[in-house]
Amino acid sequence: MELAEMIKQVKSRPDLDKAGMILCHNGVVRGTTRGGAPISELTVRADRERLAAIIAEIKSRPGILDVLVEIREGLLHVGDDLMYIVVAGDIRENVFAAMMDTLNRIKAEVTKKEER
């Protein structure tokens, strides 16, 4: 799924009038590790069951209408889209917190990466 399609899906909700914000994240493969070493490609694996549990938990928070996540698995190259996250909710404090928690938990609990 593409990011624009994910936004369209959220906007088609019958309860969209409760949303004051739709926040999006588009993670891409960068050309260096966090430590600065160059990389040319990345292999990504995702634990889909853990991802579903995290999404359900974040969606249950007050003010959060929807959380959509797309993770691309397999061999990716520098500049490739890696992950999309869309969070819709009532006010920015709720939406920003939900986005940060979703992203951080996915990185810690869902995805495994091998850099080359």
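Predicted model: local features only at pLDDT ≥ 70, side-chain atom pairs only at ≥ 80, totals over all residues.
Residues are numbered from 1 along each chain as its sequence is written, and side-chain values use heavy atoms, with hydrogens and water left out.

Let's start with the overall fold. The protein has 3 helices and 6 strands, where helices (H or I, at least four residues) and strands (E, at least two) are DSSP runs numbered from the N terminus.

Now for the size. The C-alpha trace spans about 45 × 25 × 25 Å along its principal axes.

What about inside and outside? Of the 116 residues, 39% are buried; that label means under 20% relative accessible area, while exposed means over 50% and partly exposed is in between (1.4 Å probe, protein chains only). If you look at contacts (heavy atoms within 4.5 Å) with a separation of 6 or more, 72% of them are between residues 24 or more positions apart.

Next, zoom in on helix H3, which covers residues 92-110 and holds Arg105. Is Arg105 buried or exposed? Arg105 counts as buried because its relative accessible area is 18%. Leaving aside residues up to four places away in sequence, Arg105 touches Arg50, Ile54, Glu57 and Val110. With Glu57 there's also a side-chain polar contact of 2.9 Å. A polar contact is a pair of N or O atoms within 3.5 Å; within protein, one must be able to donate a hydrogen and the other to accept it, and residues adjacent in sequence count only if both atoms are side-chain atoms.

Asp101 sits in helix H3 too. Asp101 is partly exposed, because its relative accessibility is 29%. Again not counting residues up to four places away in sequence, Asp101 touches Ile58 and Arg61. Arg30, by contrast, is 71 residues from Asp101 in sequence and 22 Å from it in space, C-alpha to C-alpha.
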